Amino acid sequence: MFWAGASEPQPEAATGPMIPPLSPLALAGQNSFNAQCAACHGENGFGSPQGPPLIHVIYEPSHHGDFAFVRAVQQGVRAHHWRFGNMPAQPQVSPNEIASIIAFIREVQVAHGIR
């Protein structure tokens with residue numbers, strides 16, 4: 001586990017910005033992600049200067065389960081893996097959008113060998 005001040009991973013995706021064919025739920029999630037989350041987490045979740053990539057081994061399901069994403073969106077989260085600062089709650093993102101965004105993130109992670 002990486003904590004601020006520790007040896008931090010680089011903010012880049014595992015193998016690059018490849019998007020696999022997506023399920024209908026994940027396709028809706030991609031649209032919601034790019035509208036709601038990309039300003040910080042980069043288009044399709046590959047990171048930006050404002051926020052970390054979610055298509056990264058740190059966010060694999062065994063370390064950050066789906067509920068971690070739900071809680072981050074609903075309540076915000078303190079910075080603990082990266083030096084981008086705290087993430088504020090995103091109350092404009094509906095529960096259905098959160099579910100589809102998680103489906104999108106997980107399908108893209110799997111395509112990049114993150115399981």
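Is A72 buried or exposed in this predicted model? At 11% relative accessibility, A72 counts as buried, where buried means under 20% relative accessible area, exposed means over 50%, and partly exposed covers what lies in between, computed with a 1.4 Å probe on protein chains only. The model is predicted, so local features need a pLDDT of at least 70 and side-chain atom pairs count only at pLDDT 80 or more, whereas totals for chains, interfaces and linings use all residues. Residues are numbered from 1 along each chain as its sequence is written, and side-chain values use heavy atoms, with hydrogens and water left out.

**Confidence and overall build**

- The mean pLDDT of the protein chain is 88, and 86% of its residues reach 70 or more, pLDDT being the predictor's confidence in each residue on a scale from 0 to 100.
- The protein chain holds four helices and zero strands, and from the N terminus on its elements run α-α-α-α; helices (H or I, at least four residues) and strands (E, at least two) are DSSP runs numbered from the N terminus.
- Buried residues make up 40% of the 115 residues in the protein chain.
- Among contacts between residues at least 6 apart in sequence, 65% join residues at least 24 apart.

**Nonpolar core**

- The largest nonpolar core has 22 residues, of which F33 and I105 touch the most other members; such a core is a set of buried Ala, Val, Leu, Ile, Met, Phe, Trp, Tyr and Cys residues joined through side-chain atoms within 4.5 Å.
- The elements that give two or more residues to this core are α1 (24-36), α3 and α4, and the largest share, seven residues, comes from α4.
- In soluble globular proteins, nonpolar side chains tend to be buried together.
- Once its neighbours within four places in sequence are left aside, F33 is in contact with A38, H41, G42, N44, G45, L54, I101, F104 and I105.
- One of these contacts of F33, N44, is found in the loop between α2 and α3 and is buried, with a relative accessible area of 9%.
- The phi angle of N44 is near 60°, a positive value in a residue other than glycine.

**Surroundings of A72**

- A72 has its place in helix α3, and its C-alpha atom is separated by 7.4 Å from that of M87, although A72 and M87 are 15 residues apart along the chain.
- Leaving aside neighbours within four places in sequence, A72 is in contact with V77, M87, P88 and A89.

**Aromatic pairs**

- A search of the whole structure finds three aromatic pairs; rings of Phe, Tyr and Trp (its six-membered ring) pair if their centres lie within 6.5 Å, and planes under 30 degrees apart count as stacked, over 60 as edge-to-face and the rest as tilted.
- One of them joins Y59 and F69, a tilted pair with 6.2 Å centre to centre and 45° between the planes.
- Y59 lies in the loop between α2 (38-41) and α3 (66-75) and F69 in helix α3, so the pair ties together parts that are 10 residues apart in sequence, and both Y59 and F69 are buried.
- The rings of W82 and F84 have their centres 6.3 Å apart and their planes at 50°, so this pair too is tilted.
- W82 counts as buried at 6% relative accessibility, whereas F84 counts as partly exposed at 27%.

**Further links of W82**

- W82 lies in the loop between α3 and α4 (95-111), and its side chain is joined to that of Y59 by a polar contact of 2.7 Å.
- A polar contact is a pair of N or O atoms within 3.5 Å; within protein, one must be able to donate a hydrogen and the other to accept it, and residues adjacent in sequence count only if both atoms are side-chain atoms.
- W82 and P52 are 30 residues apart in sequence and 6.9 Å apart in space, C-alpha to C-alpha.

**Salt bridge**

- A search of the whole structure finds one salt bridge, defined as a side-chain nitrogen of Lys or Arg within 4 Å of a carboxyl oxygen of Asp or Glu.
- D66 forms this salt bridge with R106, the closest N and O atoms being 2.8 Å apart.
- The pair links distant parts of the chain, with D66 in helix α3 and R106 in helix α4, 40 residues apart.
- D66 counts as partly exposed at 39% relative accessibility, whereas R106 counts as buried at 12%.

Technical notes. Contact means heavy atoms within 4.5 Å.
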